[in-house]
Amino acid sequence: MKATTLLFSALLFSKAALAQTGTLLVYGNLDIASSKASTGVKSNTFSLSPGVGYQFNDHWTAGANLQVSSAKTGESQIKTSTFGAGPFIRYAYPLSDIFAVYGQLNANYITGKYDRVKSNGFSGHLFPAIGVNLKKGFALNFNFGSLGVVSSKPKSGNTATSFVLSFGSGAGFGISKNFGL
């Protein structure tokens, strides 16, 4: 309860720094998860998604993003690792001095390894988000769902393509900072 009151108070009394022409946006998400199923199967995952972009005006930002993740699952500790890199484009629309909505498109080259089987491919994800501007160019970002496609080809096998549409079930949280140039 105290945390909610503190966050709400911070939002009400903070002065926002909106995106401005000629600024540099740095953002990132960090995900760490550990779970144990009723069958006793354990799973540990780690994911880091940083990005940096140039803000051309109050609405458009373009730049590059990275995605690094790893997971270990089961008693035999099956390891999965992925790396992705590519451009992103973001369109932001301020609703007030504090809140803004934005849509971002990430297009990445991906490479991965699942239990000694290597693969390469492409992923593209479009997602909506809400930015909550705090002080001195800092913002909290909340995304909810995405629309995406992933195409991956193992070194010895057929290409696998998947289409992803999630809304409400895939939520994320991140932080960003604007730097004046």
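**Close-up 1. The hairpin of β5 and β6.** In this hairpin, two residues lie between the strands, and D115 adopts a positive phi near 45°. The model is predicted: local features require pLDDT of at least 70, side-chain atom pairs count only at pLDDT 80 or more, and totals for chains, interfaces and linings use all residues. Residues are numbered from 1 along each chain as its sequence is written, and side-chain values use heavy atoms, with hydrogens and water left out. R116 is placed in the loop between β5 and β6; its phi, near 75°, is likewise positive in a residue other than glycine. R116 counts as exposed because its relative accessibility is 71% (buried means under 20% relative accessible area, exposed over 50%, partly exposed in between, with a 1.4 Å probe and protein chains only).

Close-up 2. Strands are DSSP runs of E of at least two residues, numbered from the N terminus, and two of them pair if DSSP finds at least two bridges between them. Strand β5 (residues 99–114) pairs with β4 in the antiparallel sense over 13 bridges, and a hairpin of four residues joins β4 to β5. P94 stands opposite A100 in β5. With strand β6 (residues 117–133), β5 forms an antiparallel pairing over 16 bridges. Here A107 stands opposite G124 in β6.

**Close-up 3. A positive surface patch.** The patch is formed by K72, K79, K113, R116, K118 and K155. Patches are made of residues with over 30% relative accessible area and no salt bridge, like charges being joined within 9 Å; a salt bridge is a side-chain nitrogen of Lys or Arg within 4 Å of a carboxyl oxygen of Asp or Glu. Lys and Arg count as positive, and the place of a charge is taken as NZ of Lys or CZ of Arg. K79 lies in strand β4 (residues 78–94) and counts as exposed because its relative accessibility is 51%.

**Close-up 4. G145 in strand β7.** G145 is found in β7 (residues 138–154). A relative accessibility of 4% is why G145 counts as buried. G145 and F167 are 22 residues apart in sequence, yet their C-alpha atoms are 4.1 Å apart in space.

**Close-up 5. K136 in the loop between β6 and β7.** K136 is placed in this loop and has a positive phi near 55° in a residue other than glycine. K136 is exposed because its relative accessible area is 68%.

Technical notes: Patches are made of residues with over 30% relative accessible area and no salt bridge: like charges are joined within 9 Å, nonpolar side chains (Val, Leu, Ile, Met, Phe, Trp, Tyr) within 5 Å. Accessible areas come from the Shrake-Rupley method with a 1.4 Å probe; for residues, only the protein chains shown count as cover.
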